[in-house]
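Take a look at the fold below.

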Amino acid sequence: IGISDYPKETPEGKLLYAHADAEAFAKFLKQGRGGALPDDHIRLLTNDKASLAPIEEAVSTFVRKARNPNNTLIILLAGHGSYLPTKKDPLTDKVLDQAPYFLTYDSYAQDGKTTGLRISRFREIIAEEALSFRRVIAYVDVCHAGHVQETSDRDLPDAVQKVFVDNHGVLGLMMAT
């Protein structure tokens, strides 16, 4: 997943190389030194193809079909990360709470918190998959990427607790910001 060409309404603006990084990474995975993966083993979502619905579909269908304790899941997430309001005062419109999100292509077309991918949701996805695959390797190149490994929440989802706290599953994270 790589998004550079965000819509003009996105306050953070466009990026230069996030989509190119995703394309280059997919090309590398097809080469011998990258694993020689066939096209049907790679799902590439860039720019306007990387709104929340196709990302969720890739996880719920494409990734789940590949679940196998002998397989490795590799995920690249490149684009904008931002804090989006999760709670506002209805009278003053003042932000009362916010959370880190990966800005999908359509994050500002509607309400950001319903169209962006919450970082805690991404953490839950990779933790669930780390319990099903031989290993999961995630490359996260977004602002606030460090929140992916955050486990200070009181009520962690079961998979996150098992992987991030109890060290079950094999998960490799490379994060940049």
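This is a predicted model: local features need pLDDT of at least 70, side-chain atom pairs count only at pLDDT 80 or more; totals for chains, interfaces and linings use all residues.

Helix 2 covers residues 52-65. Helix 2 is not straight throughout: at Ala58 there is a bend of about 35°. Ala58 is also buried, as are Leu52, Ile55, Val59 and Val63. An α-helix has 3.6 residues a turn, so residues three or four places apart point the same way. Look for that pattern in the buried positions of helix 2, such as Ile55 and Val59.

Helix 4 spans residues 119-130. Its twelve residues reach 16 Å from the first C-alpha to the last, close to the 16 Å expected. Which residues of helix 4 are buried? They are Ile119, Phe122, Arg123, Ile125, Ile126, Ala127, Glu129 and Ala130.

Three strands make an open sheet, in the order 2-3-4, with antiparallel pairing. Strand 2 and strand 4 are the edge strands, and each pairs on one side only.

Strand 2 (residues 81-88) and strand 3 (residues 95-102) are joined by seven bridges. Lys87 has Asp97 in strand 3 as its bridge partner. Tyr83 has Pro100 in strand 3. Between these two strands the hairpin has six residues, and Asp93 there takes a positive phi near 65°.

On to the next pair. Strand 3 meets strand 4 (residues 117-118) through two bridges. Here Phe102 is partnered by Leu117 in strand 4. In a regular strand the side chains alternate between the two faces of the sheet.

## The largest pocket

The largest pocket has a volume of about 810 Å³. It is lined by 34 residues, and those closest to its centre are His41, Arg43, Phe62, Leu73 and Ile74. Which classes make up this lining? There are 24 nonpolar residues, five polar and five charged.

Several elements contribute to the lining. Helix 1 (18-30), helix 2, strand 1 (72-78) and helix 4 each supply at least two residues.

## The second largest pocket

The second largest pocket holds about 190 Å³ of space. Strand 3 and helix 4 are the elements that give two or more residues to its lining. Strand 3 gives the largest share, four residues.

## Positive phi in the loops

Ala36 is not a glycine, yet its phi is positive, near 55°. Where is Ala36 found? Its place is the loop between helix 1 and helix 2. Ala36 has 47% relative accessibility, so it counts as partly exposed.

His144 is not a glycine either, and its phi is positive at about 70°. His144 sits in the loop between strand 5 (135-141) and helix 5 (158-165). Is His144 buried, exposed or partly exposed? With a relative accessible area of 29%, His144 is partly exposed, because buried means under 20% and exposed means over 50%.

Conventions:
Residues are numbered from 1 along each chain as its sequence is written. Side-chain values use heavy atoms; hydrogens and water are left out. Two strands pair if DSSP finds at least two bridges between them. On a 1 Å grid over the protein atoms alone, a cavity is a set of points where a 1.4 Å probe fits but cannot get out, and a pocket is an open set with protein on both sides within 12 Å along at least five of seven lines; lining residues have an atom within 4 Å of a point. Grid points are joined across faces, edges and corners, and a volume is the space filled by probe spheres set on the points. Ala, Val, Leu, Ile, Met, Phe, Trp, Tyr, Cys and Pro count as nonpolar, Asp, Glu, Lys and Arg as charged, and the others, Gly among them, as polar. The bend at a residue is the angle between axes fitted to the seven residues ending there and the seven starting there. Buried means under 20% relative accessible area, exposed over 50%, partly exposed in between (1.4 Å probe, protein chains only). The expected span of a helix is 1.5 Å times one less than its number of residues.
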